[in-house]
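Hi,

Here is the structure I said I would pass on. Have a look at it first, then read my notes below.

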Amino acid sequence: MEKYFYQGNNETDVYLFHEGNNNNLYKFLGSHIYSDDLGTYTRFLVWAPNAKHVNLVGDFNDWDDYSLPLQKLHDGEIWEICLRDVKIFDSYKYRIVTQDSEVLYKADPFAFHSELRPKTASKVYDIEGYTWNDKKWLKKREKTDRFHSPMSIYEINLSSWRKYGENYLSYIQLADELVDYLKEMNYTHVEFMPLMEHPFDGSWGYQLTGFFAATSRFGCPKDLMYLIDKLHQNDIGVIMDWVPAHFCRDDFGLRKFDGSNLFEKSDQYLADNDQWGTLNFDFSKKEVVNFLISSALFWFKYYHSDGLRVDAVAYMIYLNFAGKDIRNEDGSYENKEAIEFIKKLNQTIKQEFPSAFVIAEESTSWPNVTKSVEENGLGFDFKWNMGWMNDIIKYMKMDPIFRKDHHNLLTFSIMYAFNENYILPFSHDEVVHMKNSMIGKMPGTYDEKFDQIRLLYSFMFAHPGKKLLFMGNDIGQFDEWNEYKEVTWEVLEYEKHQKLKHFMKDLNKFYIDNDEFYDMDTSYSGFQWEDVNNANESLIIFERINSKNEKIICIFNFTPVKREKYPVGVDDYALYSVVLNSSMKKYGGNLQRNKPYYSKNIEHNDRKFSITVDIEPFSAMFIKQNKLRNINKK
């Protein structure tokens with residue numbers, strides 16, 4: 001029986017690939033296990049159009065350079081070989097001889113599994129066959145209106161969330177510990193920083209070499225499937241970071257894959273990504289576009305991801321975003337090829353996985369990011385609201401005495417809050433590189449820092465938009481995030497941190513239980529200012545409203561001064577109750593109990609009635625009409 005052979009054929013797959021439309025490309029290229037009358041064999045296919053020769057080397061032939069030559073398919077660009085006696089987890093690479101007779105050893109761009117870094121070979125792996133137990137979740141996802149449902153996202157870096165000594169938690173261990181934590185804290189979703197294979201821990205996963213391979217740092221691919229399955233079984237959605245803008249320069253990866261600029265732009269000046277020391281994908285090539293779209297679809301199909309967060313969208317859509325003066329022939333700076341790729345990506349995902357969503361990490365004022373392609377948009381479902389994030393952090397870092405002169409930083413975001421479908425992010429990027437931790441940004445005494453972080457998070461949860469919080473932020477970690485160290489869980493030995501955690505747990509639950517915060521989250525119908533101009537006292541009041549016209553009055557005091565008997569306009573002659581107060585003693589404040597407020601027949605702020613409330617320093621109050629205790633109108 002021959003040790004290796006060639007199959008040829010696959011004309012349809014090859015044609016669709018070169019047209020950029022083979023959505024199942026991951027089932028064609030790469031290594032795949034098949035059966036015939038003689039047993040099993042593994043077929044290897046690799047796109048290397050400019051290679052002079054290609055050989056397969058690996059554990060199965062003792063890494064012999066010459067014994068397993070690949071042969072071209074009919075298109076002259078894809079090479080193949082079929083091999084008997086290959087075992088699951090066998091390591092391999094392609095030995096590529098360039099037109100200049102240079103010898104390159106390349107990992108498989110379509111590998112499902114890789115060696116643990118610092119090793120770089122691909123591994124044969126059977127991606128099929130995992131038994132999922134998340135049908136209930138997927139059916140629920142199909143029926144959920146994601147734009148008008150709660151979304152509180154916990155962003156996590158698995159390398160530094162929790163460790164045992166110097167060892168990472170495995171995917172299997174995380175299926176217990178992470179799931180328990182997210183359930184305890186009432187998060188609705190978790191967002192994984194990139195879990196695709198990458199060689200350098202310090203890149204945080206944003207410089208990829210394996211666009212179809214779950215990183216082996218935490219286990220094998222089906223272990224990650226198990227983790228996601230467990231999250232879904234516990235009603236927790238999963239968002240995966242994905243990086244289609246650029247890729248790692250390491251020699252074993254995509255760089256000059258067949259001796260030519262195959263995946264990167266042909267013009268080296270355009271290919272070089274100086275900002276991150278990486279290489280930019282060439283979106284003008286249909287095959288590269290197909291590679292990337294196929295990668296995105298793969299994570300939805302095989303890992304049941306609920307959403308993808310697309311990194312560095314601004315870098316993709318502007319030719320000059322990183323500072324190079326690159327223009328189109330007409331003088332414009334729009335990267336037309338990248339824009340067309342993004343539109344096709346989002347349209348294809350919606351066709352294949354209509355209940356999934358895609359998030360843009362986009363930091364500019366580019367219009368219609370979350371409008372459909374048919375509406376001349378980019379087709380994303382959500383966009384990070386970087387403007388709001390930068391404004392509120394700038395505001396909170398100020399000494400409170402100066403906040404009155406920058407009141408617009410609190411209020412301006414509402415001017416554009418419904419132009420896109422926003423996510424409000426306090427992400428990993430805000431707690432690194434000398435930016436300080438979230439609680440560390442707050443001015444004042446130790447106690448005032450905790451008061452203000454509770455105030456800030458309350459404002460975030462009341463403000464229109466979905467919510468995202470990076471790990472450690474919810475327990476008041478004072479250290480900046482370090483990718484080589486775990487979250488400083490030891491702070492929970494201290495009462496203030498315990499109480500902040502308690503507050504975040506209750507804030508998440510309150511948000512989920514009160515649809516005033518999300519039922520009309522994409523329209524001004526769900527938001528109404530009551531007191532917007534009190535810059536002198538750095539105090540704002542607004543209402544969040546659901547489709548039944550039920551309201552939560554949201555009051556925020558950004559000064560260390562208590563405001564007593566502060567008038568608040570209300571709609572009805574009724575009893576009003578404080579349903580959440582960030583200054584409660586159980587959360588780390590000084591307030592023992594909340595008083596009820598009976599409205600008076602006194603007009604205020606265009607409301608027929610009013611109440612007078614006591615507002616604690618650096619506090620947030622959410623007030624709701626008590627429907628069971630309406631007062632008979634006189």
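Let's start with R162: it lies over the face of W489, 4.3 Å from the ring centre. The charged end of R162 also sits over the ring of W161, at 4.5 Å from its centre. (For a charge over a ring, NZ of Lys or CZ of Arg must be within 6 Å of the ring centre and within 35 degrees of the ring normal.)

A word on the source: this is a predicted model, where local features need pLDDT of at least 70 and side-chain atom pairs count only at pLDDT 80 or more, while totals for chains, interfaces and linings use all residues. Residues are numbered from 1 along each chain as its sequence is written, and side-chain values use heavy atoms, leaving out hydrogens and water.

Next, the aromatic rings. Searching the whole structure gives 69 aromatic pairs. Y171 and F218 make an edge-to-face pair, because their ring centres are 5.5 Å apart and their planes are at 65°. (Rings of Phe, Tyr and Trp, using its six-membered ring, pair if their centres lie within 6.5 Å; planes under 30 degrees apart are stacked, over 60 edge-to-face, the rest tilted.) Both Y171 and F218 are buried (under 20% relative accessible area; exposed is over 50%, partly exposed in between, with a 1.4 Å probe and protein chains only).

Now for the backbone. W63 has a positive phi of about 60° although it is not a glycine, and it counts as partly exposed at 35% relative accessibility. D85 also has a positive phi of about 60° without being a glycine, and D85 is exposed, at 59%. Finally, the peptide bond from R117 to P118 is cis, with omega near 15°.

Cheers
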